[in-house]
Amino acid sequence: MTVDTIHDKHDPLHPQLPYRIADSVNRAMGDVQLQQFVNAATTARDRGRVETCRDAFAERYDAVRRHAGDIKQHTLDHLDIYVEQFIDSATTAGAQVHCAASAEEARHIGIEIAKANECKLCVKSKSMVTEEIDLVSALEDSGIKTLETDLGEFIIQLDNDAPSHIVMPMIHKDRRSVARAFERELKTKYTEDPQQLTQIAREYMRHKFAQADLGISGANFLIADTGDVVLCTNEGNGGLTVSTPRLHIVYVGIEKIIPRLDHLPVFLKLLARSATSQPITVYTTILTGPKRELEIDGPKHMHIILLDNGRTDILRTDAREMLRCIRCGACLNACPVYRKVGGGHAYGAVYSGPIGAVITPLMKGLHNYPDLPHVSSLCGACFEACPVHIDIPRQLINLRRDMVTNRTMPLSGRLAYKLWAIVLKRPLLYRLASRIMALILRRMAQSNDSGWINKGPGPLGAWTAERDFPAPPSNSFRDWWNRHTGGQER
Amino acid sequence: MTTPTHTSQARHLGTDREVFLAKIRGALGAKKGRTITEPVPDVDESLVRLCQTDEDLPARFADRAQALGMQIHHAKVNELGAQIGNILEKHNCKEAVTSIAHQLLNKQVTEILRDLGTAMIDHKSTSWHDQQFDVDAGITDVDAALAETGSIIISSGAHRSRGSYLAPPLHIALVRTSQILADLIDYFDCKNDWLDEPNQSATVLISGPSKTADIEGILITGVHGPGMVHIIIIDDQSQSE
Amino acid sequence: MTIALFITCLTDNFYPRSGIAVVKVLEYLGHSVVFPQAQTCCGQPMYNNGYHNDARDLARRFLHVFEEYETIVTPSASCASMIREYYPTLFKAGTNERMAIEALSEKTYEFVEYLVRVQKVDLRSLGMKWKGSATYHPSCHLRSLGMHKESEQFIEQIEGIDLRPMANSEQCCGFGGSFAVNYPEISASMVRDKVADIKASGADTLVCNEAGCSMNIAGACQRQGVVINTKSLAEIIAEGLGLFDSENES
Ligand code: SF4
């Protein structure tokens, strides 16, 4: 059984495959209010990022991003060595490290550990990896009640909804939906006041923390030479998750490793600024194994589940740089396409936005997500935002290349480009074709005298559905040049 | 695969470690036993350092900590009682947990609380686990503090509980000026030197009160952790003392 | 200096006046401009859509046509970045061909970039005047060449221009080549936002240096009945210097 089959087709993050995006795009484009909502939130975050990063790093900002990217790239290029080193040092620190090749195996390991320890109630802090492997429903199916404790994730869990942003999971929900969910599920008095809503959640969850016997978290960084697990959170639920329950399980992808503890500042300085325009997250928790004998609190046992689940497949390709990602969400906030469709779970997977458009097809197969590499204007805003300098547009193009090479692209498209290329390789043919095209376009524009085409056939029709297309003027630049110079090159 | 018994001591759940590593090597085209031949990139301080060691560190620390939403108080050692008393009174705290590794400071604070008549909760008692969520305030010292960001750094240990600075709604942190470092770089270069106890399991950098902006991006403090963090900066460096 | 002009498909066929302006301004600055007649397209459409074998062939062609010139200038930042950023990735590192391509990359410039960074032109010292209100759309590729701020400062040097700030000016207009026809709803929605921001600026003229963006934005303005002149910066400069003598050139 794989992640993809245990779900009915209504789960927007684990849809039926192959996933075609058209319906979601239409739905998202139809909800103007949601678009504006998401647009406002992401634009504000993006501006905040630019401001705080410029403020801190001034003209060094780009160089810092490159530097962080270099450290991560080095780690990935030697990941076999660093994973081995991490396993050894984390084990020395007293943690138990398990290796999971797939999502299914990762779920299985966690459930086995939880069952062996007779865990009944799990408190969970926010983790994209656990979303990726769809852990919570598996835990619940095994009789382990699991509570998302990050406020956004908690609300989403109450509403049986799905996160739509890797940092701001409920960017698509407003306070009214929170108010309704709390009234319905927690039986509290209806209020739309965010302060009061937060208070309600706080009170509800505090007692759960005390009762829970299992804490599950992700990790933002793993330190190879010390075996440390680093968690960056703002609410404090991460800290409590690893403080009150007697057992702690960490789910983490192998790409989260960095070589040494002294590398950590580079990433701490970038992560929160890129994600939420804070200089550093409120809580940066560094865990070195479970509670020591003399310590007052903390879990007796700590298990770290290292996840592959397609990461080695990415490592193998020229998309390796994608694994530098520190999940800051900056590329989502910067992306004009995400701003339009992101609120509607249009990316059909756990990872959305530019990062998702690349890694989802890589992890789950291009044939399963043939549209994602194409839903981008390649504007490059993501590349400029990325704190680890991942050339996302180039990676999108490379996926398009792979689709051409493995013939996932429809034949008609391939033929059209072939024909176009044939023309472009022959200057005389190119000039002739340009002339003919210009003639045809001018003829089409004649019907309305404006010099514009307002209804075109074929692909031009998609263009003219919403905007006019210009008719070329009767003289091209080349015509002018030939008159200007009498046909000479110089 | 071994089936774990009642404790969680199963070693080999999931994929065998060698198989797992071999897959990574396969993806990289690397051989088992290879070593790193290229230099590991060092942190380029000229790019990344944001606070110089010769800045006025206590001043910058206070400034940044305040910007993060924490409240700053300055105290000489003999004024500590009044400061703590003020804060506890202002927030109507009837009981507090102390979680202080520095022995002298611990003794002092204990006396202060006794004088104030504040009930002291013992985090070493068995009832602490449930009690921690009902305590009004947690008072801790710190391992170190950072001028760069205004963060305080606290490790857990035999005298400091994780819960004491996370569970109560109010956290009072005692920072000595000699503990203030310039940059994150300076701390992580020698984290262990700053630990109050060697071989501990958890260190946290705290940079403000607990925060969330999950509901419509509106900033709310005090969602899970303390909504209020007061820092008392104790000058232990001035010559005049 | 002799400059080889790479005109690009869109400017050649749809925006000849912009190409003419480039020639006139470069000549005015004392350069001699040549136009290699065998040029076609840089191959960006093939590259962006994944047809990398064809893109590589076109890169070779481009190299063949332009290799001999010491400087190549093009009015399109996206074509310039195709040549500079992406051509090298199509060839194996260390090969002679790759080295030739890299040498080509190093001498290829977008027009504004060439004026600002290489020639260090200061428009104030040229004594140009251009009267009118304008707002500026820095195309994404100009931004990715790091020219966003510099190009804006360059425009501010124009005497007489009433430059109106545009909200969200850095945001993509939604063109994206095949994206505009593959996802017309998203693309159109993006350009609607852009048009709204342009309209709100109150300017009469939109300065836009990328033919693709111009097509998209002007086409959307036309559809929505928003009256605005779309011009490239080269046109503005040429007009300001009085280089367009007869109307049959415009
Ligand atoms: S790809 Fe870069 S910008 Fe996007 S989430 Fe990952 S690290 Fe952040």
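Guide: Start with ring pairs. Rings of Phe, Tyr and Trp (its six-membered ring) pair if their centres lie within 6.5 Å; planes under 30 degrees apart count as stacked, over 60 as edge-to-face and the rest as tilted. Ring pairs link Phe6(C), Phe62(C), Phe66(C), Tyr69(C) and Tyr87(C) into a cluster. This is a predicted model: local features need pLDDT of at least 70, side-chain atom pairs count only at pLDDT 80 or more, and totals for chains, interfaces and linings use all residues. Residues are numbered from 1 along each chain as its sequence is written, chains are lettered from A and ligands numbered from 1 in the order in which they are written, and side-chain values use heavy atoms, without hydrogens and water.

Visitor: How many aromatic pairs does the structure hold?

Guide: Over all chains, 26. In one of them, Phe57(A) and Tyr61(A) have centres 6.5 Å apart and planes at 10 degrees.

Visitor: Why is the pair of Phe57(A) and Tyr61(A) called stacked?

Guide: Its planes are 10 degrees apart, and stacked needs under 30. So the pair is stacked.

Visitor: Why does Phe57(A) count as buried?

Guide: Buried means under 20% relative accessible area, exposed over 50%, partly exposed in between (1.4 Å probe, protein chains only). Phe57(A) has 0%, so it is buried. Tyr61(A) has 3%, so it is buried too.

Visitor: What makes Arg17(C) sit over the ring of Phe244(C)?

Guide: The rule wants NZ of Lys or CZ of Arg within 6 Å of the ring centre and within 35 degrees of the ring normal. The charged end of Arg17(C) is 4.1 Å from the centre. Arg65(A) lies over the face of Tyr61(A), at 5.6 Å.
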